Amino acid sequence: MAIDIRAIPRDRAAEFLVPLGTTFGFTVTPERVERIRTVTDLDTLIGACEGDTIVGSAGAFAFEMSVPGGVAVETSGLTLVAVLPTHRRQGLLRRMMRSHLDEAHRRGQAMAALYASEGSIYGRFGYGMAALRADIELRRERTALSATGASLDGKGRFRLLTEQQSASELPPVYERVRRHRPGMLSRSDVWWRVRRIADPDWMRAGRPPLQRVVLEIDGRPMAYALYRLGAALTSMPAELPLDVVECVGDSPATTRAMWQYLFEVDLAQTFRASFLPADHPLLFQVAEPARLKLQLSDGIWVRLVDVGAALSRRGYGAGEPLVLDVTDEFCPWNHGRWRLAGGIATRTEEAADLAMDVATLGAAYLGAFSFSQLAQAGRVSQRTSGALEQADALFRAGLLPWCPEIF
Ligand SMILES: CC(C)(COP(=O)(O)OP(=O)(O)OC[C@H]1O[C@@H](n2cnc3c(N)ncnc32)[C@H](O)[C@@H]1OP(=O)(O)O)[C@@H](O)C(=O)NCCC(=O)NCCS
């Protein structure tokens with residue numbers, strides 16, 4: 001039977017989740033379905049339909065992602081991608097990706113982003129690995145932080161928050177941070193409530209409850225942490241693991257103070273955190289960085305949907321104009337030469353200084369990887385002497401990208 005790709009209405013969320021439940025091995029419960037319905041930022045559901053049966057799925061969130069230069073770009077966040085094992089390798093993902101990128105282009109979303117279950121899938125569609133994620137695990141006896149560095153101005157007070165208090169007190173802290181850190185997402189109220197703060201039994205799945213703590217200085221929230229302490233108590237004296245879900249401070253001093261708080265929680269012996277930026281300050285604050293057991297893996301992947309618009313949105317360092325020759329077979333409207341001058345990208349017939357495919361440009365876009373580094377991997381070719389250094393200087397960003405959550 002022919003299979004067509006079409007938009008799926010929200011009231012079919014239960015059927016929409018069947019391919020994902022089947023491929024990732026979870027039960028499609030009413031709570032999961034409700035979550036899909038509630039988070040209205042998930043505004044695109046695409047299905048591969050065989051008659052009336054949904055055999056493949058792809059969803060897209062609409063959010064902004066921060067990019068270098070203190071600006072945020074409208075982004076299509078690809079999610080919930082799955083094809084039933086009975087229908088795999090028949091081109092359904094390819095057809096859904098066509099629909100996803102055409103739709104993002106039509107809506108004027110200059111970028112798309114995703115987390116990949118397997119890094120080998122999305123390069124062919126123009127996505128490039130644009131950030132590294134760092135995971136750490138350290139023992140309590142290794143958590144002493146160096147005395148040097150910023151200390152708090154004013155009197156700090158930590159308060160544990162209820163779910164409701166968190167919904168109003170945490171977002172302003174995050175908002176102050178996100179503009180200045182490439183890779184961070186805008187979060188709607190419902191995103192905060194449902195995807196960050198809520199902790200229903202079905203999502204907790206046997207883990208300890210989510211605790212929420214805020215650091216106030218002179219009555220104003222300046223940092224917060226979401227964490228889980230404990231597991232089944234198996235021994236006395238009790239030694240509990242503490243899992244940091246998110247720890248955000250609006251300055252070096254408040255970030256340090258928040259981590260210090262976590263490291264002093266009584267009974268916690270092992271601290272684990274995932275989805276940290278690869279340049280996390282703890283690397284320079286603990287006595288022995290090796291004891292962080294830092295593990296790097298691919299973080300967010302970025303696809304420039306509209307190369308001209310995306311390049312013209314981000315900020316740059318000082319430098320001479322540069323011509324990039326971009327290959328983009330999947331989205332041919334991007335294909336060709338782009339002149340980048342004064343922070344604006346325009347079409348040009350001038351000879352190229354550098355050539356690369358669009359996935360490689362996506363990898364460089366947030367500033368995590370330099371063109372020199374990508375050239376070492378054979379991903380960029382230099383046509384004019386000195387162009388790699390020039391591009392590196394233009395695209396360099398202060399902080400590495402950080403997307404603290406999977407979506
Ligand atoms: C990943 C998945 C959606 C692919 O769907 P599919 O319909 O089989 O993919 P397609 O037939 O459209 O394949 C398109 C291309 O991607 C390649 N591809 C697909 N899945 C791949 C994978 N897991 N690894 C490497 N390449 C893959 C195909 O070989 C094909 O390559 P080609 O264009 O060079 O011929 C499907 O295998 C799946 O549901 N996997 C489990 C869930 C999952 O990982 N989802 C992704 C979440 S981020």
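Gly 69 sits in the loop that joins S3 to S4, in a model that is predicted. With a relative accessible area of 62%, Gly 69 counts as exposed, because exposure here requires a value over 50%. Its C-alpha lies 19 Å from that of Arg 339, a residue 270 positions away in the sequence.

Strand S3, which spans residues 53-67, contains Ser 57, and the relative accessibility of Ser 57 is 0%, so this serine counts as buried. The side chain of Ser 57 makes a polar contact with the backbone oxygen of Leu 80 at a distance of 2.8 Å. Once neighbours within four places in sequence are set aside, Ser 57 is in contact with Leu 80, Val 81 and Ala 82, and also with Phe 16, Pro 19, Ile 46 and Met 96.

From here the reader can turn to the ligand. Helix H2 (18-24), strand S4 (71-83) and helix H4 (92-107) each contribute at least two residues to the shell around the ligand. That shell holds 19 residues, of which Val 83, Arg 89, Arg 94, Ser 117 and Glu 118 come nearest to the ligand. By residue class, the shell consists of nine nonpolar, five polar and five charged residues.

Which atoms of Ser 117, Leu 93 and Gln 90 lie at polar-contact distance from an oxygen atom of the ligand? For Ser 117, a polar side-chain atom lies 2.6 Å from a ligand oxygen, whereas for Leu 93 a polar backbone atom is 3.0 Å from an oxygen atom of the ligand, and for Gln 90 a polar backbone atom is 3.3 Å from one. Taken on its own, the ligand has 890 Å² of accessible area, and the protein covers 75% of it.

The interior of the protein comes next. In soluble globular proteins, nonpolar side chains tend to be buried together. The largest nonpolar core in this model has 76 residues, and Ile 300, Phe 371 and Phe 407 are the members that touch the most others. Leaving out residues up to four places away in sequence, Phe 407 touches a set that includes Phe 61 and Phe 63, Gly 77, Leu 78 and Thr 79, Ala 113, Leu 114 and Tyr 115, as well as Trp 191 and Ile 300.

The side chain of Asp 328 reaches the backbone nitrogen of Phe 330 at 3.3 Å. Apart from residues up to four places away in sequence, Asp 328 touches Arg 303, Asn 334, His 335 and Val 358.

Val 358 leads on to helix H11, which covers residues 358-365 and is mostly covered, with eight of its eight residues buried. The buried residues of H11 are Val 358, Ala 359, Thr 360, Leu 361, Gly 362, Ala 363, Ala 364 and Tyr 365. Just after this helix, Gly 367 adopts a positive phi of about 95°.

Key
Residues numbered from 1 in each chain as written. Predicted model: local features only at pLDDT ≥ 70, side-chain atom pairs only at ≥ 80, totals over all residues. Heavy atoms only, no water. Near = heavy atom within 4 Å. Polar contact = N/O pair within 3.5 Å; in protein donor to acceptor, adjacent residues only side chain to side chain. Areas by Shrake-Rupley, 256 points an atom, 1.4 Å probe, with all protein chains shown as cover. Helix = DSSP H or I, 4+ residues; strand = E, 2+ residues; numbered from the N terminus. Nonpolar A, V, L, I, M, F, W, Y, C, P; charged D, E, K, R; others polar. Core = buried A, V, L, I, M, F, W, Y, C linked by side-chain atoms within 4.5 Å. Buried < 20%, exposed > 50% of the residue type's maximum accessible area, 1.4 Å probe, protein only. Contact = heavy atoms within 4.5 Å.
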